[in-house]
Amino acid sequence: MLTNTRKILEEKQAVLLPKVTGRYSFDVMLSGLTWFQVGGPASVVFKPEDTADLQYFLKNKLNSLPHFVIGAGSNILVRDGGFNGAIIKLGRGFSKILIENGELIAGAAVLDRTLSMFALQHNIKGFEFLVTIPGSVGGAIAMNAGCYGFEVKDILSWVEIVDQNGNLHRLYPHELKMTYRKSVLPKGCVVVRAGFRAEAGDNVDIQYRIQEYLQLREESQPIKGRTGGSTFKNPDSEKAWKLIDEAGCRGISIGSAKISEKHCNFMLNTGGASADELERLGEIVRQKVKEYSGKHLEWEIIRIGQSSELKKSAA
Ligand SMILES: Cc1cc2nc3c(=O)[nH]c(=O)nc-3n(C[C@H](O)[C@H](O)[C@H](O)COP(=O)(O)OP(=O)(O)OC[C@H]3O[C@@H](n4cnc5c(N)ncnc54)[C@H](O)[C@@H]3O)c2cc1C
């Protein structure tokens, strides 16, 4: 009976959506799509078949239906009330990697680690740092991801995006104004593919760097935990973790939301935390740092959706 009711509701919702070749799933808990493993439901999750399918969806969906793209979900905190709109999740149709005209070209759903290992196999240098970043190519471009002195903008040649009206464009790094953990992408666009400079390197040297970065990461960060990576950006010439430590926030917690003992710019869901607990904990840290050192911490983690309180009051 419940299954029938659900099916009828889904069919009703589907009528309002463009007829795509990809897949719609309704009322999907976004906790399953994020590293933190928290977050309420999205009205619909759309997995486009390919770029043309994504273009068709964005051209024909109702303007009143907001959309948001999630990559590997390693830098995102989805609030408990979920996302009232369409989540776009790129899959197999965006997972190719190839070498063409001296460029390494990767679909936006390719994982950074996969790209790094592909570069190693083909003796291409400059991608070593990506082996330790758990995101996707789309997320790496949106966040200008980086570590150990390197960032995506150092190797990027171009990106292909589908804008919010469904049109395909090629953009170049200077147009994205890439700075520390930030790219200025057109509002509502989806990165579908990117070209990177493929510079020949020495295989042994590349392997050595990869091992070195993996080891450094293992030693210094709680990489196996339910986390979103660095919670806050480093303020000018200062380390966020140091300011957090000095303000006495290492290891503090609210319920199962905890500031990591190992690296105190990482927040952890130690099991059963809510997004609300994690966000409140982050705000407490910001407040304590402000009080102690006068420094303003800016969230690096992207927070989306509505709180469960807001959802209740809207119902
Ligand atoms: C253990 C751990 C370690 C980490 N270490 C680092 C680190 O060293 N350096 C670093 O920079 N980051 C680090 N991060 C954070 C994170 O991995 C990066 O920011 C990563 O680039 C996010 O990619 P993602 O695919 O997971 O994006 P998501 O978290 O899914 O999304 C992040 C943002 O990118 C946007 N986005 C994702 N895909 C697309 C797309 N196709 N088109 C347009 N926008 C898109 C989303 O809309 C969102 O705004 C770490 C995270 C964890 C959990």
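Student: Is Val69 buried, exposed or partly exposed?

Tutor: Partly exposed, at 30% relative accessibility. Buried would need under 20%, and exposed over 50%. Keep in mind that this is a predicted model.

Student: Where does Val69 lie?

Tutor: In strand S3. That strand covers residues 67–70. Val69 is also among the residues closest to the ligand.

Student: Okay, the ligand. How many residues surround it?

Tutor: There are 34. The closest are Val69, Ser74, Ser136, Gly146 and Arg217.

Student: What kinds of residues are in that shell?

Tutor: The shell has 20 nonpolar residues, twelve polar ones and two charged ones.

Student: Which helix or strand gives the most to the shell?

Tutor: Helix H4, with five residues. H4 spans 137–143. Other elements that supply at least two residues each include strand S9 (146–147), strand S13 (190–197) and strand S15 (226–230).

Student: Why does the ligand lie between domain 1 and domain 2?

Tutor: Because both domains give residues to the shell around it. Domain 1 is 2–92, and domain 2 is 95–205.

Student: What domains is the chain divided into?

Tutor: Those two, plus domain 3 at 232–299. The C-alpha centres of domain 2 and domain 3 lie 29 Å apart.

Student: Zooming out. How many helices and strands does the chain have?

Tutor: Nine helices and 19 strands. The chain is as compact as a globular protein of its length, because its radius of gyration of 20 Å is close to the 20 Å that the globule rule gives for 315 residues.

Student: What box do the C-alpha atoms fill?

Tutor: Roughly 55 × 50 × 35 Å, along the principal axes. As for burial, 47% of the 315 residues count as buried.

Student: Back to Arg181. Is it buried or exposed?

Tutor: Buried, since its relative accessible area is 14% and the cut-off is under 20%. Arg181 sits in the loop between helix H5 (173–176) and S13.

Student: What is its phi?

Tutor: Near 55 degrees. That is a positive value in a residue other than glycine. Asn101 is another such residue, with phi near 45 degrees.

Student: Where is Asn101 found, then?

Tutor: In the loop between strand S6 (97–100) and strand S7 (103–107). Asn101 is exposed, with a relative accessible area of 76%.

Student: What else is in the loop between H5 and S13?

Tutor: Val184 is there. Val184 counts as partly exposed, at 42% relative accessibility. Its C-alpha atom is 9.7 Å from that of Pro173, eleven residues apart along the chain.

Student: How does Arg170 sit relative to Glu160?

Tutor: Their C-alpha atoms are separated by 4.5 Å, though they are ten residues apart along the chain. Arg170 is in strand S12, residues 168–171. Arg170 is partly exposed, at 37% relative accessible area.

Student: And how far apart in space are Val69 and Glu103?

Tutor: 26 Å, C-alpha to C-alpha. In sequence, Val69 and Glu103 are 34 residues apart.

Student: Last topic, helix H2. Which residues of H2 are buried?

Tutor: Asp53, Leu54, Gln55, Phe57 and Leu58. H2 runs over residues 51–60.

Student: What caps its N-terminal end?

Tutor: Asp50 does. A side-chain oxygen of Asp50 lies 3.3 Å from the backbone nitrogen of Ala52.

Methods:
Residues numbered from 1 in each chain as written. Predicted model: local features only at pLDDT ≥ 70, side-chain atom pairs only at ≥ 80, totals over all residues. Heavy atoms only, no water. Near = heavy atom within 4 Å. Helix = DSSP H or I, 4+ residues; strand = E, 2+ residues; numbered from the N terminus. Nonpolar A, V, L, I, M, F, W, Y, C, P; charged D, E, K, R; others polar. Domains from an automatic or database assignment. Rg over C-alpha atoms; globule rule 2.2 N^0.38 Å. Buried < 20%, exposed > 50% of the residue type's maximum accessible area, 1.4 Å probe, protein only. Polar contact = N/O pair within 3.5 Å; in protein donor to acceptor, adjacent residues only side chain to side chain.
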